[in-house]
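Subject: Structure handover

Hello,

Please find the structure below. Notes on what was found in it follow.

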Amino acid sequence: MSDQVILRVAVKIIVPMILLYALYVQFHGDFGPGGGFQAGVIFAAGIILYGLVFGLRRAQKVFPTWVARLMAASGVLLYAGVGIASLLLGGRYLDYSVLAHDPHHGQHYGILLVELGVMITVCGVMITIFYFFAARGRETL
Amino acid sequence: MRILGLYNYWIFIFLMMVGFYILISRRNLVKKILGLNIFQTSVFIFYISLGKITGGTAPILVEGESEVVYSNPLPHVLILTAIVVGVSTTAVALSLVVRIKEAYGTIEGAEINAMDNRMPPP
Amino acid sequence: MGLFLDIVSWVLLLSGSFFAVVGALGVIRMPDLFTRLHAAGVTDTMGAGLILVGLMFQGGMSLVTVKLFMVLGFLWFSSPVSTYALSRATLASGQEPFWSEDMEIPDTARIPGMVYPVDATAEGD
Amino acid sequence: MELFINFTLLALLAVTALGVLHVTNLFAAVMLAGIYSFLSAGLFTVMDAVDVAFTEAAVGAGISTVLMLATLALVGSKVTTPEFRIESISVKGRSRRPLLPIVVVVFTGGILAYGTLDMPGYGDPDNPVHQHVAPHYLEESGHEIGIPNVVTSVLASYRGYDTMGETTVVFTAAVGVMILLSALRRRDSYGEEAWGDEVIDDMDVGFKDAFGETMDPGLAGPEREGPEGGGG
């Protein structure tokens, strides 16, 4: 590990940029290309890069397995929850117009929440899958 | 002119058939998955090409201009989700390959079949 | 002024494309992985760099230029690192740099079990 | 000009696909698949699908390649023939090339190509695809939803059900991977340790030295620290 200085320093600089970029893609997705799917994948790619260079154990310290699993489940829950909320507020399932005082704002909130749910799920799923593949077979070698 | 409008469909079909050929002719399971991915991507490209309008631009609305031609956003939406779903299902297939390797010691389809036929083991 | 910017940008774009082609040729023609990486570096630095600068001239003073600048910075940061990682992995997996055919390799520099081209030609003669 | 770029990218895609077909080393095949993904991302950009290109570049060339490489680190990258090789079947690559797959592929491809003769040309504005709901999305989304990116508004609002289903599929895939890969490794039914040790070790060195201490040996996820955690 001691001779991997270049990789480690480079990754230390790159990973925060990747994570920040993922958030940019997520919240700029209404105005330009981007959205939950892309943002989730990019965020996961940042964590995976960290794991590749610093080892799985340290990656799991930064981003524990249980967090990844929780994210994978809670994103879908958030998505479905927005639908339930619009039902409770008197609209149809996933009809965001009732979420706020006027339909435009409602649609904005709905899309924001739904995309957030997509991002959380995709990010959690990708990181979970990577952890499982990376950890497989190492415990007996 | 007709050919200029159709040749890319033929290339998609060619790609699809290459993927299909890898899938049915290669015995190695990882190779089969790669073939399946090529097949899948060719379908994606086919869908996206259907949404293209000549002279169109990406379907992101430009403020204040009404003369802009936009390409069809619907195939984009369908394929956008399909790509992410595709990689997830590929991950499931790969984990199946890992388990097969652990159980049989090989990922060659022919050997797996032969081992199954040789049951019970000596 | 607009015409001048256009000319500058097209000169940059075309020369960038030229360097990209040179890099691609190098990747095909070079004998082993290390020299191929060296050739690919031309594509990474000159090729991509000139093309991006040319695009910046096309973009003018706008957000696009800022984004292109960030892309350029990221590329110039990440491609040397990836080249380093790749060549290091190649060395670690036991692949040696290409030795010239008429190059004298001292016995102390030889790796046991490794076949050198100079020996192969000597046997061929 | 656009046609030229389009044609070049398509030709490169075809060559890359043939490369995946031809190479016998799985590592090379996976790298070619990554190149294939990048090329198709470029093609998506030419076809105005920037969102899709973005996703394909991140997923196909990033995550997918990493997963494939992780799998190869586990299963070995060569088409190997272990000692329990069966005499009647030659599995060494392409020593036996049956005719049937080629016939099937050529036949299917011919039928599909014949079908394209009735298709509207590429980029045709009168294509039936553009006549149904797409104009509604493009014209109404501006004041119904109020965000500029139509892809996002269709994805999240008009077709919210669809996306929810897809998200659920992604989640289900994660559950499937967890179930498959969290089981304890067991010995195979022949009583041998089910590993091609040499191949794995080779891969291990390469992978590890490329990326540092890639995967810590002796690592066990919290879910696998059972009594048989060190079952090998």
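In which helix of chain B does B:Val43 lie? B:Val43 belongs to helix α2 (residues 29-51) of that chain; helices (H or I, at least four residues) and strands (E, at least two) are DSSP runs, numbered from the N terminus. B:Val43 has a relative accessibility of 26% and counts as partly exposed. The cut-offs are under 20% relative accessible area for buried, over 50% for exposed and partly exposed in between, with a 1.4 Å probe and protein chains only. Between the C-alpha atoms of B:Val43 and B:Ile83, 40 residues apart along the chain, the separation is 11 Å.

This is a predicted model, in which local features need pLDDT of at least 70 and side-chain atom pairs count only at pLDDT 80 or more, while totals for chains, interfaces and linings use all residues. Residues are numbered from 1 along each chain as its sequence is written, chains are lettered from A and ligands numbered from 1 in the order in which they are written, and side-chain values use heavy atoms, with hydrogens and water left out.

Chain D

Chain D has eight helices and zero strands, in the order α-α-α-α-α-α-α-α along the sequence. Of its 232 residues, 49% are buried.

Salt bridges

Over all chains there are five salt bridges, each defined as a side-chain nitrogen of Lys or Arg within 4 Å of a carboxyl oxygen of Asp or Glu. In one of them D:Glu2 pairs with B:Lys52, with 3.0 Å between the closest N and O atoms. This pair crosses between chains, from helix α1 (residues 2-22) of chain D to the loop between α2 and α3 (73-104) of chain B. D:Glu2 is partly exposed at 41% relative accessibility, whereas B:Lys52 is buried at 2%.

B:Lys52 also forms a salt bridge with D:Asp48 (3.0 Å, N to O). B:Lys52 sits in the loop between α2 and α3 of chain B and D:Asp48 in the loop between α2 (26-46) and α3 (50-75) of chain D, so this pair also joins two chains. Both B:Lys52 and D:Asp48 are buried.

Within chain D, D:Asp162 and D:Arg159 form a salt bridge at 4.0 Å, N to O. D:Asp162 is partly exposed at 29% relative accessible area, and D:Arg159 is partly exposed at 28%. A network of salt bridges with shared partners joins A:Arg136, B:Arg99 and B:Glu102.

Nonpolar patch

A:Val5, A:Val9, A:Ile13, A:Met17 and C:Phe74 make a nonpolar surface patch of about 420 Å². Patches take residues with over 30% relative accessible area and no salt bridge, joining like charges within 9 Å and nonpolar side chains (Val, Leu, Ile, Met, Phe, Trp, Tyr) within 5 Å; accessible areas come from the Shrake-Rupley method with a 1.4 Å probe. Helix α1 (residues 5-27) of chain A gives the most to this patch, with four residues. A:Met17 lies in that helix and is partly exposed, with a relative accessible area of 41%.

Second largest pocket

The second largest pocket holds about 480 Å³ of space. A pocket is an open set of points on a 1 Å grid where a 1.4 Å probe fits, with protein on both sides within 12 Å along at least five of seven lines, and lining residues have an atom within 4 Å of a point. The volume is the space filled by probe spheres set on the points. Of the 22 lining residues, B:Leu61, B:Val68, B:Tyr70, D:Leu138 and D:Glu139 are the closest to the centre of this pocket.

Regards
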